[in-house]
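Dear colleague,

I am passing on the structure below, together with notes on what was found in it. Please read the notes with the coordinates open beside them.

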Amino acid sequence: MAKEYVNPQLAPTNRPPRPVNKKMRLKESGGVASWLMLSPSLVFLCVCSIYPFIWIFRYILYNYDGIPNHTRFTGMRNITTMLSDAKFWGSVGVTFEYALLKLIFIIPLALIMAVLLNQKLKGSSFFRGVFFMPTVISSSISGMIFTFIFATGNGILNGILKSIGLISQPVGWLTDTSVVMAAVIIMSVWAGFGNYMLYFVTGMTSISEDVYESSRIDGANGVQTFFRITLPMLAPVLKVVLMLAITGAFKDYEAIMVLTNGGPGTRTNVMFLYIYNLIFGTGSNATRQIGYGALLSLVAAVIVGAVTIVYNLVAKKLDDVV
Amino acid sequence: MRKLSMLVALVMLAVLALSAVPALADKTVITYWSNDRHDEAYMNEVINKFNAEHDDIEINMVIMTDDFENSILLAYDGGTAPDIIGQSVTLKNMVDYEAVVDLAPYIEKDEEYQKVNDPFNHKYEGLNAIGDAIYWVPSGMRSGVRIEYNKALLEASGFSGIPSSLPEYIEMAKKISEDGAANTPQTYGIGFTSSSPFERQLEMMAQVSGVFYYDYANGKFDFTGYKPFLEAGRELVAVAYPDQQGVDNMRAQFAAGSFALWGNASQEAGVFTSQFPVNDFEWGVSPVPSLDGEIKGALQTNPNKGYLMMSSCKNRDAAWEVIRYLQSEDVLKGYMEGGYDLPITSYIDSIIDKSKMGRMADFSLLDYESVYPAVPTINLIGDDYRTVLWNAIMGYAEIDDAIADLNTRYNQAYDEDVSLGFVQRLVIADYDPLHPSAGTVTWETK
């Protein structure tokens, strides 16, 4: 009787399974290469992000003004100071107001401009460049430009408004507490919308022309096409843009520092401007407060993180609904 | 072969030519950071002269007008600090940081420097010296604040000069603003800058009225006396030029005739003759008014234009050579005659031609101007007093609340710093507001 052929590779064997050590598993899964490729960014993450965070975190219970022999442990004092620091909590409120107003204007404006410039009309590339240009200007330069525009006595805006008869007395754009926030929002929307517009334009180019053609055949008008096709198909991009816009708005302070330095009074004193001035002993602060500033940085990071989490939850719920 | 020889010869010539270059590179470069812009042209001139005359040392001056102290400390931490810095820093912080060098050993050996700068008679505890250590020596003096005024606008409203009392001053500002409403463009009685506005007029009016934020006699902070000046400030702001822009913008507005009254110290002599020259009207200079017209306190004046040597300086002898040059007779004579500062030593005062000082002569020291003893540097959380008091003037805070807040925060921070041994309590039991530096200084540990 002929012996049944058994493929030696498939045949059961009494040999114990080859021991696979960790080293081999790492090699087989390409782990070494991955870690090698990741290592530069990991080093930078540790050096530029994690280490500074730990460095500053250790001072949250200290009174420290940056001078080495002035470090002193103050226990819970920074925390109790923070809880009763009306100026800090006021700055948190100002930050929410600023972020909300900025988002209300910047996202729709960026979206509308993206839709208009995506129509492949003559000159749309030129305007795309023009609207994007403020994004490449440094924030402090933006702030300086707008100090000339918003100056009360000799400002460009008041000059125009007066010449066309809209105002008789100059508006105190930067000195009147009731209008200064509008000035700050105008500047930040001008400086930022071109960036978000570009994201939207990029998102729109990925929507197939066939979809639009079908909608045209079905008789959809422009508004219907926008709400039924463009907007839903832009949803993933919109989600990312919104997230960037929210975190960006909460962290803005550079241009505000130049334009109003948080004033008049504390009317535009956003959270991170307050913290910056504390840590660097600038603005109206008599001395550097690195310890207290470190604690406020942590609280501010928690606030921004909480807002981002809430946004992500809302966005997820909306996904489920849609 | 001939071509090759030519090529070799050319290469050799090039090598020889290049070998001459290291003579320049061998110079010791001493970097000096200044935060004075008003004297830039003159300083460049004397530095260029020094560099041309010296084969061994080269001065590299960098002007940094913003965030001066922070920039220095950040550079010091990063190992890129300059060798010499201007004196506009908090001395105690720099000394505690061990960032500056005691210049006394250099000064003691330098008789010419002593003759010109009289350093041992211009030691101000906490300001340029701590104990026996001298960290900088003033080259000159900035006057206390004066009122610079537009004579044409004053005369148009029926005034010939600045009154001696604050209520009259307010009435004058109101009248000029009222009259200016009819002008095109509209003109105003007074203007304030956004940059430390309280310091530039009202704080100095308080000083000459005998009000100061540090109670030297009892060794504590006391802001209570500022109340009438804050109330006066509210009246002035109500009729002021509607913007409070940066100091240079407001200087430009004054020079353009937009408002009549401006407050600042002797640096304005140069500002209104060269930086923003006033050409269309005559401008006058007057002492600041007091609360009731009577002088009850000294007006603060500031010794200035000093040079500190950083402890990170690797060529200290060369750095000292630069300092002694910048404070030499020739350089200081030109500096004072150029109208950049007022002389602080009797020696410099005796050798300068005062007719060359231009409008600086209008800022000559008053008999009630004096250097105040340096108030202890404390580790304060939150806004400084000038910001809080100006916010109260602008109506962003109640006056009584602002004063109570300052009294509490400043004294809490002071008490804590004293208890931890970071500062000592400065007490001058026989303090006289008209002669603030004449009293007996004691330092207490409680």
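**Helix H12 of chain B**

Helix H12 of chain B, residues 227-238, has 12 residues and reaches 17 Å from its first C-alpha to its last, close to the 16 Å expected at 1.5 Å a residue (the expected span being 1.5 Å times one less than the number of residues). Helices here (H or I, at least four residues) and strands (E, at least two) are DSSP runs, numbered from the N terminus. The buried residues of H12(B) are B:Phe229, B:Leu230, B:Ala232, B:Gly233, B:Leu236 and B:Val237. Viewed down the axis of H12(B), these buried residues fall within an arc of 160°, so they line one face of the helix; the arc is that of the directions from the helix axis to the C-beta atoms. A residue is called buried if 20 or more other C-beta atoms lie within 10 Å of its own, exposed if 12 or fewer, and partly exposed in between, with C-beta atoms placed from the backbone. The partners against which the buried residues of H12(B) pack are helix H9 (166-180), strand S8 (188-190), helix H11 (202-208), helix H18 (385-393) and helix H19 (399-419) of chain B.

**Provenance**

This is a predicted model, in which local features need pLDDT of at least 70 and side-chain atom pairs count only at pLDDT 80 or more, whereas totals for chains, interfaces and linings use all residues. Residues are numbered from 1 along each chain as its sequence is written, while chains are lettered from A and ligands numbered from 1 in the order in which they are written.

**Domains and a sheet in chain B**

Chain B is divided into domain 1 (24-142 + 303-365) and domain 2 (144-300 + 373-446), with bounds that come from an automatic or database domain assignment. Taken over C-alpha atoms, the centres of domain 1 and domain 2 of chain B are separated by 28 Å. The contact takes 17 residues from domain 1 of chain B and 14 residues from domain 2 of chain B, two residues being in contact if their C-beta atoms, placed from the backbone, lie within 7 Å.

Three strands of chain B form an open sheet in the order S14-S6-S16, with antiparallel pairing; strands pair if DSSP finds at least two bridges between them. Strand S14 (302-304) and strand S16 (342-343) of chain B stand at the edges, each with a single partner strand, so one side of each is left without a neighbour in the sheet. Strand S6 (residues 140-142) of chain B is joined to S16(B) by two bridges, and B:Gly140 stands opposite B:Pro343 in S16(B).

**Chain A and its interface**

Chain A has 14 helices and two strands, and of its 322 residues 30% count as buried. In chain A, 26 residues are in contact with 24 residues of chain B.

A:Thr225, found in helix H10 (residues 222-233) of chain A, is partly exposed, with 17 other C-beta atoms within 10 Å. Leaving aside neighbours within four places in sequence, A:Thr225 is in contact with A:Tyr212, A:Ser215, A:Ala220 and A:Thr230; the C-alpha atoms of A:Thr225 and A:Tyr212 are separated by 7.4 Å. A:Val302, in helix H14 (residues 290-321) of chain A, is exposed, with 10 other C-beta atoms within 10 Å.
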